[in-house]
Structure formats: C-alpha cells, structure tokens
Amino acid sequence: MGFDLTLFSISEKANFVLEKAKLDKNYANDFDKIQDTDDLILHLRMIQSNPDETPENILKELIEDSKAVLSHYPDSNIKKYQFYSQTRGYETLNYLLIAYLKSKKINIDDNKVFFGGKDIINNTQYQSFQYLDNFKTMEISNLLQMIDFSDIVKFYNYKKLENSVYKLTRPENLVYLKVEFEDLKTFFHEAKKLNAFVIIKIN
C-alpha cells in the first residue's frame with residue numbers, strides 16, 4: 001500500500017476557484033474534478049438519486065466553475081496540465097533532487113520540491129489537497145529545466161536509502177523513474193507557460 005500523488009494546473013486567470021476551495025470544505029473535497037465538467041455532472045446526478053456529504057448547490061457551483069477553468073486552457077489537450085505518479089516514486093525523486101540541490105548549495109523550503117505546497121481546507125482523512133501558487137510553480141519549472149536525470153541519479157544508493165525513503169524505487173525500476181522525472185519537467189513547463197498554480201492531491 002502507498003499514497004497516490006496527483007498534480008494538476010489551473011490558469012491564474014481562474015484563481016477564484018482556489019480561493020473558494022480554501023474557504024469551503026465541501027467545495028475543496030471535489031476540487032480534483034474541476035478539470036472534468038462531465039465528471040462533476042455525473043457526480044451531481046448520483047447525489048440527486050442518493051445524497052451524500054456534498055451539497056447539491058456546491059456541485060452545481062463547481063460545474064459552472066469547471067467550465068470557466070477549462071476556457072483558459074489554450075487547447076483541448078487537458079493531459080498536458082495533469083500529472084499522476086505511476087511509480088509512486090515521488091519520495092525517491094524528491095530525495096535525489098534535494099541531495100543534488102544541496103550539493104549545489106541551493107535551498108528549498110521544507111525540503112520538498114514538487115509536493116510541498118500550502119494546505120487547502122478539506123475535511124477528509126483519506127485525501128489532502130495543497131497548492132503551489134503561480135510564482136512557486138514558475139520557480140520549480142525553472143529549477144527542473146536545468147537538471148538532467150543523470151545529475152540526480154548519482155545520489156541514489158539503494159542500501160543506504162531503503163530504510164529512510166518512503167516507497168524507495170528499486171534499482172531495476174530507475175528507468176521508469178527517469179520517465180516520470182521527464183513527465184514532471186514537462187508538466188511544470190506547461191504550467192509555467194500557462195502562468196498556472198498547481199494543485200497537489202495525495203490520497
């Protein structure tokens with residue numbers, strides 16, 4: 001068992017949805033659906049027939065806000081603005097990145113590169129939401145663009161790290177971790193181009 005990491009970016013022009021999520025727990029709990037209007041509509045139909053904890057009026061609000069969010073993407077390829085950790089190797093990547101940055105005397109807040117955002121209010125123990133503002137997103141993008149996987153993998157030592165890094169990627173899976181690192185770089189590059197903030201979901 002392990003935690004899932006999902007990132008998605010939203011144009012700063014739609015920043016109002018973030019402000020709503022920070023103020024309303026019910027809104028925040030379904031915030032991961034903000035890029036999928038159809039999913040929100042389906043959820044609304046489900047609660048209309050079998051009410052759950054999300055008020056109907058909140059879902060209707062999310063549906064309208066989702067349309068506004070989608071209108072700010074420059075094309076229909078929404079996947080450019082989404083990242084999902086296929087390997088659950090984000091702690092391994094984070095360790096390697098921090099080790100590399102420390103070797104270059106570059107400091108990162110809280111020793112977390114791409115999943116150390118500010119908390120968004122929500123009321124469930126099964127998932128948490130955080131966010132990186134557009135300035136932090138740009139900073140991370142600029143940082144990642146100057147790093148090659150070969151720069152950070154030098155700090156990998158399985159025996160040394162196996163008891164200190166959560167879900168440490170095994171040596172035979174480093175090839176997949178490299179792909180994930182490149183996907184992260186692309187994700188943050190696209191988010192920067194959009195002047196986006198990034199939502200972090202861990203569940």
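Biologist: How many bridges join β1 to strand β2, and how do the two run?
Modeller: Three bridges join them, and the two strands run antiparallel. Strand β2 covers residues 82-84. Keep in mind that this is a predicted model.

Biologist: Which bridge partner does T6 have in β2?
Modeller: That partner is Y84. In β5, T6 has K201 as its bridge partner.

Biologist: And how many bridges join β1 to β5?
Modeller: Seven bridges, again with the strands antiparallel. Strand β5 takes in residues 196-202.

Biologist: Is β1 itself mostly covered or mostly open?
Modeller: Strand β1, residues 5-11, is mostly covered, with six of its seven residues buried.

Biologist: What order do the strands take in the sheet?
Modeller: The order is β2-β1-β5-β4-β3, an open sheet of five strands with antiparallel pairing. At the edges sit β2 and β3, each pairing on one side only.

Biologist: How do β3 and β4 pair?
Modeller: They pair in the antiparallel sense over two bridges, and β4 spans residues 128-132. As an example, D119 has Q130 as its bridge partner in β4.

Biologist: Where do side chains point in a regular strand?
Modeller: As a general rule, they alternate between the two faces of the sheet.

Biologist: Changing topic: what about pockets? How much space lies in the largest pocket?
Modeller: About 210 Å³.

Biologist: Which residues line the largest pocket?
Modeller: The lining is T6, L7, F8, D32, K33, Q35, D36, D39, I78, Q82, K201 and N203. Strand β1 gives the largest share of that lining, with three residues.

Biologist: How do the lining residues divide into nonpolar, polar and charged?
Modeller: Three are nonpolar, four are polar and five are charged.

Biologist: Now the aromatics. How many aromatic pairs does a search of the whole structure find?
Modeller: Eight. Take Y27 and F31: their ring centres are 6.1 Å apart and their planes are at 40°, so the pair is tilted.

Biologist: Are Y27 and F31 buried or exposed?
Modeller: Y27 is buried, with a relative accessible area of 1%. F31 counts as buried too, at 0% relative accessibility.

Biologist: What about the rings of Y90 and F115?
Modeller: Their centres are 5.4 Å apart with the planes at 75°, so this pair is edge-to-face. The pair links distant parts of the chain, 25 residues apart: Y90 is in helix α5 (residues 90-103), while F115 is in the loop between α5 and β3. Both residues are buried.

Biologist: Which residues form one aromatic cluster?
Modeller: F8, Y27 and F31 do.

Biologist: Let's go to helix α9. Is L184 there buried or exposed?
Modeller: L184 is buried, with a relative accessible area of 1%.

Biologist: What does L184 touch?
Modeller: Not counting residues up to four places away in sequence, L184 touches L7, F83, L93, F114 and L144.

Biologist: How far apart are L184 and F135?
Modeller: They are 49 residues apart in sequence and 17 Å apart in space, C-alpha to C-alpha.

Biologist: And where is T169 found?
Modeller: In the loop between α8 (158-161) and α9 (174-193). T169 is buried, at 7% relative accessible area. Leaving aside neighbours within four places in sequence, its contacts are G89, T92, Y156, Y158, L174 and L177.

Biologist: K167 has a positive phi, so what is its value?
Modeller: About 50°, although K167 is not a glycine. K167 is in the loop between α8 and α9, and counts as partly exposed at 37% relative accessibility.

Biologist: What is the phi of K105?
Modeller: Also positive, about 60°, and K105 is not a glycine. K105 lies in the loop between α5 and β3.

Biologist: Is K105 buried or exposed?
Modeller: K105 is exposed, because its relative accessible area is 75% and exposed means over 50%.

Conventions. Residues are numbered from 1 along each chain as its sequence is written. This is a predicted model: local features need pLDDT of at least 70, side-chain atom pairs count only at pLDDT 80 or more; totals for chains, interfaces and linings use all residues. Side-chain values use heavy atoms; hydrogens and water are left out. Buried means under 20% relative accessible area, exposed over 50%, partly exposed in between (1.4 Å probe, protein chains only). Helices (H or I, at least four residues) and strands (E, at least two) are DSSP runs, numbered from the N terminus. Two strands pair if DSSP finds at least two bridges between them. Contact means heavy atoms within 4.5 Å. Rings of Phe, Tyr and Trp (its six-membered ring) pair if their centres lie within 6.5 Å; planes under 30 degrees apart count as stacked, over 60 as edge-to-face and the rest as tilted. On a 1 Å grid over the protein atoms alone, a cavity is a set of points where a 1.4 Å probe fits but cannot get out, and a pocket is an open set with protein on both sides within 12 Å along at least five of seven lines; lining residues have an atom within 4 Å of a point. Grid points are joined across faces, edges and corners, and a volume is the space filled by probe spheres set on the points. Ala, Val, Leu, Ile, Met, Phe, Trp, Tyr, Cys and Pro count as nonpolar, Asp, Glu, Lys and Arg as charged, and the others, Gly among them, as polar.
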